[in-house]
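Hi there,

Here is the structure I promised to pass along.

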Amino acid sequence: MYENLAVGTSASRTITVDAERTIDFMGEDCRVYATPSLVRDIEHTCRDMIVAHIPEGQDSVGTIVNIAHTAPTLLGMEVTVTVTVTEIEGRKVVLEVSAKDPLDTICKGRHERFIVDVDKTQQRLLQKAAKLQEA
């Protein structure tokens, strides 16, 4: 269905862990990469890779994230997120994800995304917003 997107398609992105991506509840000296920020960076890496391989007017949305965040990454360290397509079933794309800092593998897991038509999705969202206004 998506001739430019296939099992084995892969991408990596290197991110510097800035203060915005860290937790702060353990004090300034113990800021580490927050799991929600890691998930966001994984999702963005997956989405950007998929969009680069599908027709214009289509995009992807995340549906399932299942990761193990197994090691801390300190403020200022670089993290490389790597994503690889492992399965394509219709519009569902399953990806193996991992992230590493210079010292550790910090994350492994799986992420599912669904390819959508942008115009149709916008219309469904507008219809839902209209229903909300009626409620």
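Arg113 is buried, at a relative accessible area of 3%; buried here stands for under 20%, exposed for over 50% and partly exposed for what lies in between, with a 1.4 Å probe and protein chains only. Its salt-bridge partner is Glu43, with the closest N and O atoms 2.8 Å apart. This pair connects distant parts of the chain, 70 residues apart: Glu43 sits in helix H1 (residues 35-51) and Arg113 in strand E5 (residues 105-117). Glu43 itself is partly exposed, with a relative accessible area of 25%.

A word on the terms and the source. A salt bridge means a side-chain nitrogen of Lys or Arg within 4 Å of a carboxyl oxygen of Asp or Glu, while helices (H or I, at least four residues) and strands (E, at least two) are DSSP runs numbered from the N terminus. Please keep in mind that this is a predicted model, where local features need pLDDT of at least 70 and side-chain atom pairs count only at pLDDT 80 or more, whereas totals for chains, interfaces and linings use all residues. Residues are numbered from 1 along each chain as its sequence is written, and side-chain values use heavy atoms, leaving out hydrogens and water.

The salt-bridge count comes to ten. Among them is the pair of Arg31 and Glu28, at 3.0 Å from N to O. Arg31 is buried at 13% relative accessible area, but Glu28 is exposed at 58%. Another joins Lys92 to Glu87, with the closest N and O atoms 3.9 Å apart. Here Lys92 is partly exposed at 22%, and Glu87 is partly exposed at 28%. There is also a network: Arg13, Arg47, Asp48 and Asp59 are joined by salt bridges that share partners.

Next, helix H2. It covers residues 118-134, 17 residues in total, and spans 25 Å from its first C-alpha to its last, close to the expected 24 Å (1.5 Å times one less than the number of residues).

Last, Ser98, which belongs to strand E4 (residues 92-100). Ser98 is buried, with a relative accessible area of 18%. Beyond its neighbours within four places in sequence, Ser98 is in contact with Thr80, Val81, Thr82, Cys107 and Lys108, contact being heavy atoms within 4.5 Å.
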